[in-house]
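Hi there,

Here is the structure I promised to pass on. Please have a look at it, and then read on for my notes.

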Amino acid sequence: MSELPIIIVGGGPAGMVAGLLFARAGVPVTVLEKHKDFLRDFRGDTVHPSTLELFHEIGLLGALLKEPHAAIDTMTLNLLGGRYTVATMKHLPVAAPFVAMMPQWDLLDFIAGQGRRYPTFDLRMSTEATGLTHDAANRVSGVTLAGGETLPARLVIAADGRRSVLRAAAELPLEDLGAPMDVLWFRVPVPAGMDMAEVALGTIDKGGMVVAIPRGDYWQCARIIEKGGFPPIEARGIAAFRDEIVGIVPGLAAGIEAICSFDDVKLLSVALDRLTRWSRPGLLAIGDAAHAMSPVGGIGINLAVQDAVAAANILAAPLAAGADPDPLLARVQARRWKPTTRMQALQRFAHLRVIEPMLRGAIDHVPLAVRLLDRIPLLRRIPGRILGLGFGRQHVQSPLAKDFS
């Protein structure tokens with residue numbers, strides 16, 4: 001069994017970082033990604049300071065920051081017509097105290113390139129895992145692929161997202177925490193000569209909420225809507241939709257006509273859930289496959305990458321030495337459970353106190369907490385630290401194989 005690779009299903013942040021760290025430790029690893037490339041607009045862009053620090057720990061931060069990105073160290077919010085500063089990360093004790101707004105396909109391409117430096121790293125694009133194989137003792141022994149092929153594995157890591165095929169196949173228990181909203185995802189071009197900073201990252205007023213992520217020559221926008229609320233929006237027509245967006249964020253007016261029809265708008269179903277058990281013999285779930293996060297705070301990538309680092313910290317050295325991984329799998333969940341549940345609790349609080357009132361049109365004043373954060377700069381460090389570093393921050397402790405040092 002020791003000569004078989006780890007198979008990681010899913011080429012998102014969790015799967016790719018885990019693949020890189022296992023390969024770096026000299027463990028044979030195969031990452032399966034069902035798409036032919038990483039180019040999907042609905043992937044998140046926010047790479048938090050704690051994630052950037054992990055790249056710093058393995059000597060890759062400088063190279064990563066050569067990829068296209070915008071650095072944001074101060075969070076502002078347009079709320080009921082006023083702009084409020086609510087968080088700062090400038091004080092964080094890390095090499096890069098800011099959020100890198102980096103298209104996720106650039107991040108994943110970068111990790112893939114670094115992984116290919118190691119002979120034990122194998123990335124297979126256009127390769128879809130559809131299920132699991134089991135041995136005579138009912139231990140997970142590999143994956144089945146679209147087309148019927150099977151791949152044997154020493155360990156399978158499910159990193160295939162919030163609609164994980166593998167976690168369903170493994171019958172891992174899922175707890176649905178509920179989410180009150182969905183997201184409409186669309187692009188708005190930046191007019192020539194306009195400063196992107198004129199449009200806030202987030203805007204909330206009585207008409208709703210829009211997030212505008214700067215991506216160089218366009219904003220990747222997210223319109224927050226009530227869960228299941230897309231059909232009536234679609235029925236009102238695309239012109240009414242454009243008017244609603246401009247009503248919330250007037251700065252998008254010059255480019256809004258680029259949304260020609262609802263073909264230019266993607267509906268993303270928001271989920272907030274978690275597995276109560278992340279593993280079974282031969283299989284471990286990490287990232288969104290273990291715990292789907294709400295978009296609140298944009299911390300999904302950070303949580304997923306922290307899981308990957310924890311998995312490598314616990315498993316890489318024993319696997320490199322030929323040990324059985326099964327007795328160690330529960331330790332990954334044990335290490336990541338409290339940070340995950342604490343962050344989900346904060347997201348649920350935000351759903352209750354911000355998102356649901358906003359969706360009801362019940363926000364008619366600026367909350368005291370927002371006003372205090374705006375008036376007292378020192379207080380902004382608190383949300384800045386939570387957003388930037390999260391809870392239970394991991395550090396890379398998985399080894400670098402002697403052959404690669």
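**Strands and sheet**

Strand β15 (residues 202-205) runs antiparallel to strand β16 (residues 208-214), and four bridges pair them. Strands here are DSSP E runs of at least two residues and helices are H or I runs of at least four, numbered from the N terminus; two strands pair if DSSP finds at least two bridges between them. Within this pairing, isoleucine 204 has methionine 209 in β16 as its bridge partner.

Before I go further, a word on the source: this is a predicted model, in which local features need pLDDT of at least 70 and side-chain atom pairs count only at pLDDT 80 or more, while totals for chains, interfaces and linings use all residues. Residues are numbered from 1 along each chain as its sequence is written, and side-chain values use heavy atoms, with hydrogens and water left out.

Back to the strands: β15 and β16 belong to an open sheet of seven strands with mixed pairing, ordered β6-β5-β15-β16-β17-β14-β18. At its edges are β6 (82-88) and β18, each of which pairs on one side only.

**Aromatic pairs**

Rings of Phe, Tyr and Trp (its six-membered ring) pair if their centres lie within 6.5 Å; planes under 30 degrees apart count as stacked, over 60 as edge-to-face and the rest as tilted. By this rule there are four aromatic pairs. Phenylalanine 55 and phenylalanine 110 form an edge-to-face pair, because their planes stand at 65 degrees, with the ring centres 6.3 Å apart. This pair links distant parts of the chain, with phenylalanine 55 in helix α2 (residues 49-57) and phenylalanine 110 in helix α4 (residues 104-115), 55 residues apart. Both phenylalanine 55 and phenylalanine 110 are buried (under 20% relative accessible area, with exposed over 50% and partly exposed in between; 1.4 Å probe, protein chains only).

The pair of phenylalanine 241 and phenylalanine 262 is tilted, at 5.7 Å centre to centre and 55 degrees between the planes. Phenylalanine 241 counts as buried at 1% relative accessibility, and phenylalanine 262 does at 14%. Ring pairs also join Phe186, Phe230, Phe241 and Phe262 into a cluster.

**Charges over rings**

A charge sits over a ring if NZ of Lys or CZ of Arg is within 6 Å of the ring centre and within 35 degrees of the ring normal. The charged end of arginine 187 lies over the tyrosine 218 ring, 4.2 Å from its centre, and that of arginine 342 lies over the phenylalanine 391 ring, 4.0 Å from its centre.

Best wishes
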